[in-house]
Amino acid sequence: MKIKQLFTSIMGSLLIGINAMGITALAETSLPDGAVKGLPERLAALDDEGNAVNSATGEYFFHVEDMQFGEVYSKNIQLMNLREDHSYHIYFYVEPLFKAGEIDLEKGCECSFFLDGEEIYRGDVNGKGNFDLSEQHFDCGNYEPGESHVLRCEIVWNDIDVIQNVDNGHRLVDKDGEHVLVGPDDSGYAEGEIEFKWIFYAMVDVPDSQTDIDDRRNSVPDKQDSAAIPTSKADGFFPPYTGAVLKNGTVWLAAMGVITVMIAVLLVLIKKQKKDKDK
Amino acid sequence: MKKLVLWAMVVILACAGIYCAKRYYDEAYLPRKQLKDADKEQRELFDRVRPDVSVTEAVSEENESQPEYDPLADLKAENDESVGWLTIDGTGIDYPIVQASDNSFYLQNGFDKQYNCGLGCPFLDYRCEGFGESVSIVYAHHIQGEQAMFADIAKYKESSYMAAHPRGELLTADGMCEVDFFAYLNIPSDDYAYQVGLTKKSDRDGYIDHIFSSASYTSGFTADELKRGDTRLLLLSTCTYEFWEARGVLVGVIKQK
């Protein structure tokens, strides 16, 4: 089957974070106490081209336009723990952002995740599938120092029904034995867009990883009647990371400056050579 | 021949220059521009939704007998997770405060709940129940080199800045409050100052002692004064960059007007 002149856009962004506490059995979409977006040093996530996709603000790591029906779009991410001191558990959940347009891509697309080749999730891009990634956090396993795993994501638009109700003069017709979407003047155009976040975060693997988040949430160190100044930490809670350092591009500016000077020198040499030749 | 080589070098260098310009644009210029645009857009939105304090106070007095009156009603019409509006005169801090079910959503999304390039929107710690508890913590971004969100909180590191801007106003569902700032903390992220839910008096007293002992400086109040009565503390927290996971926290006392 072939669909012509359809425009679709599908985007996913990846966020990775860290928590210094261990928690399992997560049942809420919120990050657990202490999990903040931002990777610890030397915990890396790289895409196929070797680009880091782990900034605190997230990266568009899956972006497909002019999506073709039936075609599988895929992306690999290599998650690596390059630290020597801690092992990490990596968790994953999905946060839908928005969808728009005439084509319901949430309904029309199927999304699969594979961890080291083994399928771990199959469902829609917003996390509703063999389990609900918008409600549950998936444990991608423990990463010992030096360990790495490959997470593969595949998305395919496999439900043609989502364009049946597109009401802009389009219709599916059989042309030369193929189903073709055509508009009133054979120039069909329909649009669908969906955006979502696939959020990954890491947590240091500590022995009390079974601690229930709610138990820790309101527990205050029992000081009884002692008014001694507390020296303990904030009970495992870590405030969100509210910082960001933007690159100032000094290296590239300097390189441009050097290149400009070199070009200028070369042009002078060329001119001088021309002068000498004229003489 | 030599001339040809020189021209080839010029072309190669020009290509390299274009590549550098592209990297500079992608890595340095564009993110800053996106952030500035997001900030400008959000400030325009704030201007549209900012509650008129004079009207709010007048209506509040008229409606004293009507406990259901909510001065944040208009704000909540725009964002149902609005819990307040904070203003510190003379600083850039004049923002709505929202509260989500986690401490991550408003790190990336603006007041309109749309992704805004990681600028976020000031938000109340999800563990707090409004501003009625003994400790309420509000977070917002401090992006290094940018004057957005809580960038001005880091300026309170200098006590002279506190002396110049010692007071703020906090509009909550219960009406207008005054916030008297008295301490600035430069602490690690796992500090006890981030503890909430202090139900016992002994815990509250211990917490106040901790604030005073870990503050860079204090002014205006003593620990004993704050231990009397039901003191409500407001902590404005953001990241600073003095050390790994450093936080700058401005602490004030909330007083109902």
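## A hairpin and what lies inside

In chain B, six residues separate β1(B) from β2(B) in a hairpin, and Gly90(B) in its turn has a positive phi of about 85°. This is a predicted model, in which local features need pLDDT of at least 70, side-chain atom pairs count only at pLDDT 80 or more, and totals for chains, interfaces and linings use all residues. Residues are numbered from 1 along each chain as its sequence is written, while chains are lettered from A and ligands numbered from 1 in the order in which they are written.

The two strands run antiparallel and are joined by five bridges, with Thr87(B) opposite Asp94(B). Of the five residues in β2(B), four are buried (20 or more other C-beta atoms within 10 Å of a residue's own, C-beta atoms being placed from the backbone).

| Element | Residues |
|---|---|
| β1(B) | 82-87 |
| β2(B) | 94-98 |
| α6(B) | 201-214 |

Helix α6(B) has 14 residues and reaches 20 Å from its first C-alpha to its last. Its buried residues include Tyr207(B), Ile208(B) and Ile211(B).

Ile211(B) is also among the contacts of Val251(B), as are Phe181(B) and Leu235(B) (contact: C-beta atoms, placed from the backbone, within 7 Å). Val251(B), Ile97(B), Val138(B) and Leu235(B) touch the most other members of the largest nonpolar core, which has 63 residues. Its largest share, eight residues, comes from β7(B). Such a core is a set of buried Ala, Val, Leu, Ile, Met, Phe, Trp, Tyr and Cys residues joined through C-beta atoms within 7 Å.

Conventions
Expected span 1.5 Å × (residues − 1). Buried ≥ 20, exposed ≤ 12 C-beta atoms within 10 Å, placed from the backbone. Contact = placed C-beta atoms within 7 Å. Pairing = 2+ DSSP bridges. Lists of a residue's contacts leave out its neighbours within four places in sequence.
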